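My entries follow the display.

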Amino acid sequence: VSAESAPLVVVVADAQALHQTEDAVEVAATFIGLLSTLQGAQRFVFVGGDDPSRQVGPFSASDPDYDDSRARILTLLGTVDEQSAPLVGLLLEAQAVLSREQGAPGSEVYVITGDSAETDFGQLAIQLSPLVGRFDEFGWTINGVELPNASSESVLFLEGLASESAGRVIDLSGRNALMDVADSILGRVGRGSLSALGRRDLDPSELMSSAISIVPGTSETTIILFRDETVGEMQLSNPLGFGVSAFDQSKFQIVETPHAIIWRLIDPEPGNWRVDVSGMQGGVSVWRHTANDYSLALIANEPVPLNEPVAILAYVQRGDQPVNLEDVRMYANITIPEGSRVTLEMMDDGIGSDAVEGDGSFTLTLPPLLAEGEYQVELELDWLTYNHRISSLTSFSTSIFPVLLVAAVDFEELQPG
């Protein structure tokens with residue numbers, strides 16, 4: 001698919017309404033930061049402010065001037081006057097952007113609005129209905145963003161807006177709502193999910209440290225710190241104790257929003273990293289997502305025969321090349337056709353079915369299998385010196401092999417010829 005016909009994400013923000021809702025601007029800015037940063041090369045456009053035509057973008061988190069684009073968005077979010085464009089005008093501009101940029105089916109629009117004394121949500125829904133129908137005709141989805149303390153009227157409006165174009169409503173009202181958004185984004189783009197590193201309710205005099213163990217073969221690590229309040233200090237340090245400000249800037253990206261700080265590390269140095277927090281008040285939590293270039297492969301001569309011991313072999317690969325790692329253990333979590341599960345360690349010790357010790361090939365002699373069918377196997381690799389593991393799903397099949405029956409025959413009656 002060419003860049004000109006790729007899906008586009010457009011964020012529409014009703015700045016005037018946001019400024020009439022407590023903490024709405026800060027939460028909206030954090031949501032936009034998560035949405036754009038965690039999707040890498042996805043193209044974004046921001047529409048908001050007093051003049052709908054003054055949009056920001058298209059841009060992506062991988063652009064060299066990504067920080068400049070975010071700064072312009074924050075300026076538009078923070079500026080409001082009586083001439084701020086109404087939501088109808090903003091959505092009309094969003095449609096124009098999608099048409100001009102040739103947004104492919106699957107493009108999304110996120111509508112962020114707050115409660116305003118001047119807004120009649122019932123009348124607004126009637127005004128927007130024909131426009132929303134045109135979005136649906138092109139396969140463009142409209143999603144609503146529900147802010148904390150939103151009124152029932154604004155929530156119903158967003159739900160109606162989303163349902164007309166097969167969209168959804170993202171609820172930002174819960175304490176873990178922003179973390180759930182980040183986790184959902186990573187899952188939708190096929191990058192897995194977040195894992196918790198630490199969570200505390202802090203007083204300004206308290207300190208908090210979270211260790212991040214990064215294993216060899218890690219191509220990218222994303223660390224996200226969520227915070228209730230915007231004051232305080234935080235520092236990410238590498239295994240040698242140097243702060244992130246001393247790193248090669250081609251290897252990392254820092255995105256700071258009011259309620260979340262995101263560090264993206266490219267090909268990070270293996271070892272124990274650390275996040276230190278001080279001077280913060282309220283809830284603070286640290287989360288991690290890691291992408292590793294290693295995968296696990298299984299070799300089994302299929303179909304595996306029933307009722308006799310059989311050896312299977314597994315190894316680690318980077319791309320399509322086998323690699324030999326030190327200080328690791330390999331396990332096979334095997335689920336039989338009936339559903340029960342057993343965990344067995346695979347060995348690289350040169351004993352039994354393992355031919356050569358320490359060659360990176362892990363073997364396991366299966367006990368005689370009794371059930372015919374498909375056996376699901378989750379291979380799991382654990383590092384002994386790091387708090388980390390990777391896994392891969394695979395399978396093998398079993399079958400009843402033909403049996404040759406031999407019977408004694410009386411040869412006395414046989415005649416030559």
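**Overview**

I counted seven helices and 23 strands in the chain; helices (H or I, at least four residues) and strands (E, at least two) are DSSP runs numbered from the N terminus. I noted that this is a predicted model, in which local features need pLDDT of at least 70 and side-chain atom pairs count only at pLDDT 80 or more, while totals for chains, interfaces and linings use all residues. Residues are numbered from 1 along each chain as its sequence is written, and side-chain values use heavy atoms, with hydrogens and water left out.

Of the 417 residues, I found that 48% count as buried (under 20% relative accessible area, with exposed over 50% and partly exposed in between; 1.4 Å probe, protein chains only). Among contacts (heavy atoms within 4.5 Å) with a separation of 6 or more, 74% join residues 24 or more positions apart.

**Helix 2 and helix 7**

I looked up the axes of helix 2 (residues 24–37) and helix 7 (residues 177–188), which come within 10 Å and cross at roughly 20°. That makes helix 2 roughly parallel to helix 7 (angles under 35 degrees count as such). Axes are lines fitted to C-alpha atoms, for helices over the stretch in contact, and angles run from 0 to 180 degrees between N-to-C directions. Thr30, Phe31, Leu34 and Leu35 of helix 2 meet Leu178, Val181, Ala182 and Ile185 of helix 7. I sorted the residues of this contact into seven nonpolar, one polar and no charged (Ala, Val, Leu, Ile, Met, Phe, Trp, Tyr, Cys and Pro are nonpolar; Asp, Glu, Lys and Arg charged; the others, Gly among them, polar).

In helix 7, I listed Ala177, Leu178, Met179, Val181, Ala182, Ile185 and Leu186 as buried. Their cover includes helix 2, strand 6 (169–171), strand 9 (218–227) and strand 14 (282–292).

**Helix 5 and helix 6**

I found helix 5 (residues 121–137) and helix 6 (residues 152–163) packed at an angle of about 15°, with axes 10 Å apart. Helix 5 and helix 6 are therefore roughly parallel to each other. Phe121, Leu124, Ala125, Leu128 and Val132 of helix 5 make the contact with Glu153, Ser154, Phe157 and Leu161 of helix 6. These residues divide into seven nonpolar, one polar and one charged.

**Pro309**

I located Pro309 in the loop between strand 16 (304–305) and strand 17 (310–318). Pro309 counts as exposed, at 55% relative accessibility. Its C-alpha atom is separated by 4.9 Å from that of Pro367, 58 residues apart along the chain. Not counting residues up to four places away in sequence, Pro309 touches Thr365, Leu366 and Pro368.

Methods: Parallel < 35°, antiparallel > 145°, perpendicular 65-115°, else oblique.
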